[in-house]
Amino acid sequence: MSLGFARRMWALDCPSLTVDATTLMYGLSGMLTIPMPSFLIEHPKGLVLFDTGIAPEAIDDPVALYGQELADGLGITGGEDQKLDRQIEALGYKLEDVTHVITSHLHFDHSGALHQFPDAKHYVGAGELPFAHWPAPIGAFCYMPDQLARIRNFDWHEVPGIDVDLFGDGSLVILYMPGHTPGELSLKVRLASRTFILTGDAVHLRAALEQEYHFPIDWDTREALVSLRRIKRLQESEDASVWITHDPDDWAEYKHAPACFE
Ligand SMILES: [Zn+2]
């Protein structure tokens, strides 16, 4: 196998949430503002998007979309320029340029703008699509039937319970990380300068990674902890930087669009 690299990676500056911290990790208190980024990755064989964040209309009117109670609990902050389409266009791309979309899982804050990419190839973890339509009660509020309906007939490729090397050169490897949901995925991105592991929701906060704390409403706690430990092992063996999607310190530490990693 010849080894390759992704050319550039941008963390897109999408809206943030302000939530009760104990919903992210037991033992925390107070409110925490957390980022909700998508990642755009340029590779010689395609333009790849990892996660699409919340639905764009949630920025305009979260109550209309989610209802008063959930909207109040989410505390969405973001402007027109933070909508995913604006972020992608600001980098000089059209939405149609995106060839591959990898969705870490189908919770509303990771999959809300999927409908804007009807012609891309879509990747999702094993079991995620049926589970999203018939979820376990504990996290059911995170799956939104209306939003799932508009992506039903897309070109879905299910990652079959293994890691998948997207372009066969080792630069973009979809990592199977079940636990948070049945089909949770992370993504390894190897650039010329460094390697990242983008966690999705396989882990939510750096403190949780360090202390091996599971998320309060995971689908399967035991599986989630195996995935969390696997991320730590990969971090070591691949000499990778772990970028935890929702961690505010990671967001502050790593640069984001318009700056990129090469
Ligand atoms: Zn989630």
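**A walk from the zinc site to the sheet**

Select His107 to begin: this residue is buried, at a relative accessible area of 5% (buried means under 20%, exposed over 50% and partly exposed in between, with a 1.4 Å probe and protein chains only). You are looking at a predicted model, in which local features need pLDDT of at least 70, side-chain atom pairs count only at pLDDT 80 or more, and totals for chains, interfaces and linings use all residues. Residues are numbered from 1 along each chain as its sequence is written, and side-chain values use heavy atoms, with hydrogens and water left out.

Now show the zinc ion. His105 (NE2), His107 (ND1), His180 (NE2) and Asp201 (OD) coordinate the zinc ion at 2.2 to 2.3 Å (donors are N, O and S atoms within 2.8 Å of the metal, or 3.2 Å for Na, K and Ca; water is not among the atoms, so sites may look incomplete). Along the sequence, the donor residues follow the spacing H-x1-H-x72-H-x20-D. His107 lies in the loop between strand S6 (100-102) and helix H5 (108-111), while Asp201, 94 residues apart from it, lies in the loop between strand S12 (195-198) and helix H8 (206-211) (helices, H or I, of at least four residues and strands, E, of at least two are DSSP runs, numbered from the N terminus). Click on Asp201 too: it is buried, at 3% relative accessibility.

Next, pick strand S10 (residues 172-176) and strand S11 (residues 185-190), which pair in the antiparallel sense over five bridges (two strands pair if DSSP finds at least two bridges between them). Here Leu175 sits opposite Ser186 in S11.
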